[in-house]
Amino acid sequence: MTLGRKISIGLIGLVAIPLIVALFLPTQYQVERTIDINKPASEVFDFIRMLKNQDKYSVWAKKDPNMKRIFTGQDGNIGFISRWESSDQEVGTGEQEIKMVNADALEMQTELRFIEPMEATERSYMKVSSLDQKKSKVIWGFDGSIPYPSNLICLFMNFDELIGKDFEEGLSNLKVVLER
């Protein structure tokens with residue numbers, strides 16, 4: 001076998017092996033955190049369904065208090081959009097739109113559209129359940145997908161660890177704000 005042929009086989013292997021590995025990696029991810037809050041479920045839901053209130057507890061809003069904010073529509077209702085623009089790379093530019101509000105089930109879903117530093121569209125949700133008349137459980141979740149072969153990034157990034165700590169801090173902030 002000639003040197004050129006060995007190099008060619010080696011290069012093909014360098015490309016093929018990661019592509020084969022990516023076939024076995026997940027293309028979906030989900031991050032979810034919960035916290036108990038000493039307030040009635042309906043009161044908690046009425047607060048979290050208003051996207052403007054996220055400035056009071058969201059970790060990302062606190063990272064750049066000078067970010068530019070633009071709101072469109074009626075807060076707390078389907079179609080409301082909260083847009084942000086920040087020079088901080090951890091915050092970037094994007095928008096969040098309320099896609100579903102179910103006041104009976106105390107659940108809402110939003111679509112997050114990240115523009116900078118990279119483009120992505122993901123689903124976020126918050127659910128509130130009553131533990132008793134004065135105590136609630138809040139679930140904050142985020143899920144998305146990474147198409148093949150980009151899912152190779154899953155070898156190097158753990159979304160649960162990366163985003164989960166921000167959700168935990170945000171929920172802790174929410175608890176402090178609501179229990180004041």
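**Entry 1: the largest pocket**

I began with the lining of the largest pocket, where α3, β3 (81–85), β5, β6, β7 (135–145) and α4 (159–179) each supply at least two residues. Helices (H or I, at least four residues) and strands (E, at least two) are DSSP runs, numbered from the N terminus. The model is a predicted one: local features need pLDDT of at least 70, side-chain atom pairs count only at pLDDT 80 or more, and totals for chains, interfaces and linings use all residues. Residues are numbered from 1 along each chain as its sequence is written, and side-chain values use heavy atoms, with hydrogens and water left out.

I noted what a pocket is here: on a 1 Å grid over the protein atoms alone, an open set of points with protein on both sides within 12 Å along at least five of seven lines; a cavity is a set where a 1.4 Å probe fits but cannot get out, and lining residues have an atom within 4 Å of a point. Grid points are joined across faces, edges and corners, and a volume is the space filled by probe spheres set on the points.

The largest pocket holds about 1,000 Å³ of space. I found 37 residues lining the largest pocket, with W60, E90, F114, F142 and I163 the closest to its centre. Helix α4 gives the largest share of this lining, six residues. I sorted the lining by class and got 21 nonpolar, seven polar and nine charged residues. In this sorting Ala, Val, Leu, Ile, Met, Phe, Trp, Tyr, Cys and Pro count as nonpolar, Asp, Glu, Lys and Arg as charged, and the others, Gly among them, as polar.

**Entry 2: the cavity**

The largest cavity has about 40 Å³ of space. Its lining consists of L51, Q54, Q96, M108, T110, S124, Y125, M126 and W140. Strands β5 (107–116) and β6 (120–132) each supply at least two of the lining residues, and the largest share, three residues, comes from β6.

I checked A61, which sits in helix α3 (residues 59–63). A61 counts as buried because its relative accessibility is 12%; buried means under 20% relative accessible area, exposed over 50%, and partly exposed in between (1.4 Å probe, protein chains only). I also took the C-alpha separation of A61 and F156, which are 95 residues apart along the chain, and got 26 Å.

L3 belongs to helix α1 (residues 3–23). With 62% relative accessibility, L3 counts as exposed.

**Entry 3: backbone**

I looked up the cis peptide bonds and the phi values. Most residues other than glycine have a negative phi, and most peptide bonds are trans. A cis bond joins E116 and P117, with omega about 10°; P117 is in the loop between β5 and β6. Another cis bond joins Y148 and P149, with omega about 0°, and P149 is in the loop between β7 and α4.

L106 is not a glycine, yet its phi is positive, near 55°. I placed L106 in the loop between β4 (93–102) and β5. L106 is buried, at a relative accessible area of 15%.
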